[in-house]
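Trainee: Could you pick out one part here and take me through it closely, residue by residue where that helps? I'd like it as one connected story, please.

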Amino acid sequence: MDLLGALEELRQPLDRELFPLEIGDATTDRRALRELTGQLDDYLLPRLRAIDAPLLAVVGGSTGAGKSTLVNSLVGVDVTEPGVLRPTTLVPTLVVSPADRDWFMAQNVLPGLSRATGVGPGALRVVTADALGAGLALLDAPDIDSVVTANRELAAQLLAAADLWLFVTTAARYADEVPWSFLRSARERSTALAVVLDRVPPEAAGPVARDLERLLEENGLAGSRLFTVPEAALPTEKARLPADAVAPIAGWLAGLAADAAERSRVVRQTLSGALDSLATRVPSLATAVERQEAGFDALRSIVTAAYAGGLADFDEGMRDGSLLRGEVLARWQDFIGTGDLMRSLESRVGWLRDRIVGFFTGRAPEVELRDALESGVETLIKGVADSAAERALDGWAAAPGGPGLLERAGPVESARLGRASAALGEQAETAVRGWQEYVLDLVREEGAERRTTARMASFGVNGAGLLLMLAVFASTGGLTGIEVGIAGGTSVLSQKLLEAIFGDQAVRTLTARARDDLRERVRELLDHEADRYLALLATVEPPPGTAAGLRDAAATVRRHRAELPGGDQA
């Protein structure tokens with residue numbers, strides 16, 4: 001891999017949204033991502049692919065600084081449109097030598113800007129000027145402090161794509177903060193820079209120029225080339241400056257265009273600075289991505305905890321005897337009654353078993369009890385799923401990044417997330433019926449042994465299976481009053497009858513297996529419910545390891561930094 005390959009590797013993970021969650025200063029993080037991506041696409045990659053291509057000088061500055069007038073004056077042709085309305089430069093104009101037109105029209109630089117029409121947002125107007133020597137192009141950029149956000153962003157993008165900044169300010173506004181924020185950026189990236197101090201009253205030329213030089217030095221830009229353009233009374237807003245006023249700048253640019261070695265020095269200075277800036281910009285971006293990764297982990301943990309709580313609620317529902325209430329209790333009571341069941345249980349198990357034979361050999365009561373038990377379990381599943389969904393939604397609404405994610409999903413989808421899915425009812429029914437069949441299979445398997453065959457015959461597989469299903473919920477926690485006696489009788493009786501058939505150790509084993517199987521089926525249902533939340537995360541979450549990948553890519557760029565053609569070998 002060479003330096004170009006290392007940069008291409010760095011570019012790859014930047015193609016997708018890395019900051020979907022509103023965590024930390026996400027707006028700043030997104031801007032940093034756009035700036036890095038833009039400089040890679042607009043400058044670093046194109047320039048490394050064609051190190052000896054024409055030099056691009058971007059003319060930038062504040063509103064009303066006279067950038068367009070300066071460009072027209074430098075090339076001696078009205079190629080841009082100055083005016084009194086602000087903002088003036090709406091579509092950037094790239095002025096090139098006729099010899100370089102094909103290069104710039106081929107979108108080797110600023111590939112994201114269309115050259116087809118030259119008008120409208122996202123367009124780059126390319127014009128030729130015979131006075132401009134081959135090897136150098138001037139780009140008239142929008143105002144860096146434009147009232148139009150898109151113009152400000154485009155101005156920053158164009159400046160980041162430049163080999164050379166020709167920064168224009170005025171005697172009245174050279175101390176403003178906005179220009180200096182851009183100039184400090186040039187310093188941080190070692191961008192080649194020349195400053196044009198425009199509209200300087202003759203009597204103030206010396207003091208203003210010295211003060212600007214002082215500010216340049218204080219901001220780490222000492223030695224930057226400084227040109228002064230005296231204030232001139234122009235007949236119209238669109239008139240060009242006198243030739244002698246811009247002669248020093250025009251002469252310097254002409255010399256730069258004619259001197260391949262000097263152009264190469266400028267290019268490598270800016271290219272080196274841009275490469276070096278990656279050493280801090282990429283790790284900073286990776287740290288911001290890690291904040292996003294932590295945010296996604298936290299949101300995922302909320303969902304996991306909510307549905308783990310749902311499974312715990314189901315476990316409690318199996319233990320607390322609540323499933324032996326209502327319809328299940330009524331169907332059981334129809335057969336057993338509530339009189340002296342508990343008093344007679346120990347001495348009359350055989351008699352009770354004989355009574356139950358009649359119950360289990362009649363199909364209708366058996367089916368009613370089985371259906372009632374099925375309905376009760378399904379209701380419990382849907383209840384815990386609803387509670388888990390509500391907890392997950394509340395957790396997201398209160399967690400960093402969660403509200404924005406729900407807003408992105410929309411109010412309808414967010415409302416759906418707050419309750420069990422519409423398909424859960426059918427899925428729960430299928431799961432419970434599958435569990436009941438599993439229980440019957442357990443009974444058949446256990447009853448196949450000869451020692452239990454005769455005892456099984458008096459109950460039948462279905463009857464013994466129903467007793468085992470009831471035993472799974474053999475607890476009276478949460479019941480009150482007469483329900484305790486009835487449900488307790490149900491549990492103890494089913495337990496005693498099962499022991500009479502299979503033996504106490506086998507009953508404990510069968511009950512545990514039946515309970516574990518039901519619990520696993522419910523866990524799968526709840527996991528499927530949780531997937532609705534996790535799928536929403538997956539649609540916007542950066543790929544795992546993105547932050548680490550960015551750091552590794554930056555380290556690879558540093559290792560190949562010495563390969564910069566003609567640059568430092570340090």
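Mentor: Let's start with Ser272, which sits in helix α9, residues 260-319 (helices are DSSP runs of H or I with at least four residues, strands runs of E with at least two, numbered from the N terminus). This is a predicted model, with local features needing pLDDT of at least 70 and side-chain atom pairs pLDDT 80 or more, while totals for chains, interfaces and linings use all residues. Residues are numbered from 1 along each chain as its sequence is written, and side-chain values use heavy atoms, leaving out hydrogens and water.

Ser272 counts as buried because its relative accessibility is 11% (buried is under 20% relative accessible area, exposed over 50%, partly exposed in between, with a 1.4 Å probe and protein chains only). Leaving aside neighbours within four places in sequence, Ser272 touches Arg561 and Leu564 (contact means heavy atoms within 4.5 Å).

Now for the sheet, and strand β1 in particular. Seven strands make an open, mixed sheet, ordered β3-β2-β4-β1-β5-β6-β7 (strands pair if DSSP finds at least two bridges between them). At the edges stand β3 (125-128) and β7 (225-230), each with a single partner strand, so one side of each has no neighbour in the sheet. From one strand to the next, the twist averages 20 degrees (axes are lines fitted to C-alpha atoms, for helices over the stretch in contact, and angles run from 0 to 180 degrees between N-to-C directions). Helix α3 (residues 67-75) packs on this sheet, touching β1, β2 (93-96), β4, β5 and β6 (192-200), and its direction makes about 150 degrees with that of β4.

In β1 (residues 55-61), seven of the seven residues are buried, so the strand is largely enclosed by the rest of the structure. Leu55, Ala57, Val59 and Gly61 point one way, Leu56, Val58 and Gly60 the other, and all are buried. Five bridges tie β1 to β4 (residues 136-140), and the two run parallel; Leu55 there faces Leu136. Five bridges also join β1 to β5 (residues 164-170), again parallel. In that pairing, Ala57 is the bridge partner of Leu164, and Gly61 stands opposite Val168.
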